[in-house]
Amino acid sequence: MNAIGRALAINRAGFEPVAAVRAAAGIAIPLAIGAGLNHPAEGAIAAAGALPAGVASMSGGFRSRVPLVAVTSLGMAISTFAGGLVAGHFGWLLAALAVWGFVGGIAVVLGRDASIVGIQAIIGLAVFGRFPAGVPTSAGHAGWVLAGGALQGLLSATIRPPRRFVTERHALAHALAELARLAHRPTASALDAAGAIQVAADLVARRNPDDAVDLLRSVADEAARIRLELQSLGTITSVGAAQEATRAAAGWLRRASQALAAGSAPPEEDPALATVVDRLA
């Protein structure tokens, strides 16, 4: 019975009802408009373009998904156009499938977002590669697919689900702020920073694992390592480069703390910090 219970268990940590309804609306609207205007085929093609874009819009993480939706839609449109041209030509179809499959497989090593784009592009080629069409018709189909994706992008930009992990992100932002203060005075006590990091780590540990939680956990782990490194630098303050490194690190940590609290993109790597670290080494 325990095995059956585990098999039927549902991890509710990944539930995003607002995002799900938004993506479903992006598919339903083209179908409804197409049926209402007596153009059901065009509506269905636009909905086919909205479907992979909706998948991309629900891919998780903290950043806006609009750029990923746009790239996914563009990839689907290109695949739709190519699929219509090679459909009915067995040799060309096999060649296109080989190219799309190879590129889609390579995209996996580039990360989750690239994988989503590659997989949806392959699906687009496989679907529309069954319907032979000339250049004008294939271009028209690609345009409707792109329109469906654009609708999903518009919905993603205007209907935003409530922010996830607000408490955890603010706790981690506070921990990074404490590290910034420690970097300003590396010889001071690190107890406040250690306590803030532990509080943040405990909050993240309560969450069920998923990609976003793993990202937060990695930030907490990295914060703990940074604290130890700052304390080590505090033992060699007589070395000029060590003081430059801690000052540069303080600035970057402060910017990272602000970005994490606001849910914005992390700061770029600080070239000055990289330079002083190399000199210190």
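This is a predicted model: local features need pLDDT of at least 70, side-chain atom pairs count only at pLDDT 80 or more; totals for chains, interfaces and linings use all residues.
Q: Are α8 and α10 roughly parallel or roughly antiparallel to each other?
A: The axes of these two helices come within 10 Å and cross at roughly 15°. Angles under 35 degrees count as roughly parallel. The answer for α8 and α10 is therefore roughly parallel.

Q: How many nonpolar residues does the contact of α8 with α10 have?
A: On the α8 side, the residues are E168, R169, L172, L176, L179, L182 and A183. They meet L216, V219, A220, A223, I226, R227 and L230 in α10. By class, this contact has three charged residues, no polar ones, and nonpolar residues numbering eleven.

Q: Which residues is L179 in contact with, leaving aside its neighbours within four places in sequence?
A: L179 is one of the α8 residues that meet α10. Leaving aside neighbours within four places in sequence, its contacts are A193, I197, A223, I226, R227, L230 and L253.

Q: Is S257 buried or exposed?
A: S257 lies in helix α11, and leaving aside its neighbours within four places in sequence, S257 is in contact with A173, L176 and A177. Its relative accessible area is 9%. Buried means under 20%, so S257 is buried.

Key
Residues are numbered from 1 along each chain as its sequence is written. Side-chain values use heavy atoms; hydrogens and water are left out. Contact means heavy atoms within 4.5 Å. Axes are lines fitted to C-alpha atoms, for helices over the stretch in contact, and angles run from 0 to 180 degrees between N-to-C directions. Helices (H or I, at least four residues) and strands (E, at least two) are DSSP runs, numbered from the N terminus. Angles under 35 degrees count as roughly parallel, over 145 as roughly antiparallel, 65 to 115 as roughly perpendicular and the rest as oblique. Ala, Val, Leu, Ile, Met, Phe, Trp, Tyr, Cys and Pro count as nonpolar, Asp, Glu, Lys and Arg as charged, and the others, Gly among them, as polar. Buried means under 20% relative accessible area, exposed over 50%, partly exposed in between (1.4 Å probe, protein chains only).
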